[in-house]
Amino acid sequence: MGISVKQLNSAFDLEQQPLRHQLPTSPSSLSQQSHQQPIYSNQPSISSPRTNFPPDDGFDRKHSFSSRRSNTSDTSMEYSSKRSHSFVVRTFSTPMKCHHCTSLMIGLTRQGVVCEYCNFSCHVHCCPKVPTHCLMPGEQSKRPLGIDPTRGIGTAYEGYVKTPKQGVIKRGWMRQFVVVCDFKLFLYDEERNNGQPSVQVSQVLDMRDPEFSVSMVRETDVIHANKKDVPCIFRITTSLINDGSKLITLMLADTESERSKWVTALSELHRILKKNSLPNTAIYRVKEVLDSSLSIIRNSICAAIIDRDRILIGNDEGLYCVELDCFEFIRIGESKKIIQIWYIQTEQLLVILCGKQRHIRLLPIRALEVPDVDWIKVADSKNCSAACTGIIRYGAPQNIYGLAIAIKKPNNTLIVLYEIDRNKQRHHKLFEFTVNMNVQNMKILSDGRLAIGYQGGFTAYHLQADAAKMPLVHPDNNLSHFLTYSNIDTWLVVEVNSSQNENNDSGESNEYLLVFQTLAIYVDQQGRKTRSTEIMYPATPTFITHENEFLLVYSEMHLDIFNIETTEWVQSIGLKKSKPLCNDGSLTMMMMNDSPYIVYLANMINREILDTGSVERSIPRRRFSLRESSRMRTAATDRRSKMISAPSNFNHVSHMGPGIQQKFVDLPTTIETADLVDGSGVQQRASLRQAPPRPTTMPPQSNLRKSMSNVRPKDTPPSLPHSPSPLGSMSSLAESILKVAERQSESLKSSRLSSSSSELSES
């Protein structure tokens, strides 16, 4: 259905009569699969800003609550004004809206709850706010659905558009379902088998973005589009890289009038958003660090931030140190595949998982400064499937760090714990134990336990010889059977430092976030569920990591950030085909225009740990150069330091007046050229010092004149080899001046000798 600008303005005015979505008025019209009509339709529609129920409606909010994984059960449709809701957790296969707040129920599984009697569906966190008793169908139809601009909650607009395949118009257009909800644009792909929207969100565009704008396009903006489609195309712009590239999303409406409706509706919603001054919850700014001009980033696997000007990059060819301030990079060690890097800053030690056979190596940080630093091999670490570092013992004067590795065996997995020390080998073994599972991830907890993740759950082991274990999902937890049956992969465990734990002086966390492939749940130390709310991902994760109190969920088309303490979805960034290189995601690789980029996720709350100013100020962009080796640089430094004290007498400089022709030469910068120059210099000086032998008998005058006429001044000795960068020390300069002065003295003696010979002949 269409709507004019006047109707749109009145629809978004809180004092005007709202336009309403009509819910099913009879039980037979409800979906047999999910007991709720899907929100998608063939034409765009718009909803008004309204909340559904007053905060205090006098109802006793007590509901029966259970969990069901399937959404295909056939429940009875008996309505009664005295019957209480009986909610069950459901998994929806298409996008659904909450009947209470009208927002989308985002997630891949267990997105919301549905009443078995009246089919009232809502979020889990909205469940305590709804009326206790079931609503009659007539009462349900009176409920307005829309958006509340004061809170930014609800669905405002929805419809079908077409977007370029993989962001390129030449590859064609694909049909997508778009929902404007919570001041975000959710784009859903169509399922191939039934043509309905997928439950996974293909792309998210946030209207709170400071660079958000919607506009029509000209023919020059879309040169690869069909001319007849240009009047139906509009574009949405959002920020991507800080002070750099923008993310432009093109959309093709069915008709030109539909295009106008989309542009008008989105522009008006953006105006409403700015008018109500809703806070921007963004946490990260994306800053470019390296682009595709540096070849080593094309196959990057991992990275680590060493300090504000240096980063390490590991790829299939080895380990590289990149110095951002001087635009140089250098290879560290041998050509060996680097899989993962951990940096223990307190111990100035790198822990590296490398090689085709997945060995663990230790590397002191001084290897970045000094050549020939040996990599320390951790014995019997072949086939390492997972590893982690952390504090295993707190105390004065310093905390003790440990290294835990999981080694895959034919029938089980061996867990070995090492203590990081400051001896020559930098580690020693504490104990080991075996587990009958394939370890996917590990984490050393602050309470002295080692959390191990595997398919279907997590288990915590005490870091002692007996390695007593405790499952982090308690058998009484209603999710225990669901996780075991689903056999879901695990990503990590996060210790939650919420306000509930502020009075905890022991340094231990009483709450953990268990991150699975399809959702994340909160449990206590015994594995019992602490919150009814779960973190739901809008799309299937490709990588998941966390930094401080934020969970970073990577997917194919965007990066989503969740606040771990509040479970709030705070930001979505359109990084395509992105993956974290650091363990905390601060360095991330992304694709832009089919080229790889390494970007830095700068936390706007905390102090930045990487200085990208030199890269940002380099316009046009400077290219990084490969330093030959740290050995050469160190050797040149040593040579200059040895020659800095000689010679000690510089009086000869004062003897060189304006009448003497001076010849300036470039000075050597390497040992090889210096040795070559020194040798040739000695030979030249030796030849100049050999005066011609004095004749024993006086030759005839004619022959003497003839011989004297053939006398020519000797050629000037060749200059020292030219160096493109003369950076010699003061001692090298003094030595060169001595050579020139000595040559001029020899030349003066030769001229005097020739003049005396001529005088003798005349006499």
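Modeller: Two strands pair if DSSP finds at least two bridges between them, while helices (H or I, at least four residues) and strands (E, at least two) are DSSP runs, numbered from the N terminus. This is a predicted model, in which local features need pLDDT of at least 70 and side-chain atom pairs count only at pLDDT 80 or more, whereas totals for chains, interfaces and linings use all residues. Residues are numbered from 1 along each chain as its sequence is written, and side-chain values use heavy atoms, with hydrogens and water left out.

Colleague: How many bridges join strand β31 to β32?
Modeller: Strand β31 (residues 490-495) and β32 run antiparallel. Within this pairing, Val493 has Leu514 of β32 as its bridge partner. The number of bridges joining β31 to β32 is 5.

Colleague: Which residue in β33 is the bridge partner of Leu513?
Modeller: β32 also pairs with strand β33 (residues 519-524), in the antiparallel sense and over 5 bridges, and these two strands form a hairpin with 2 residues between them. In β33, the partner of Leu513 is Tyr522.

Colleague: How many residues of strand β32 are buried?
Modeller: Buried means under 20% relative accessible area, exposed over 50%, and partly exposed in between (1.4 Å probe, protein chains only). For strand β32 (residues 511-516), the count of buried residues is 6 of 6.
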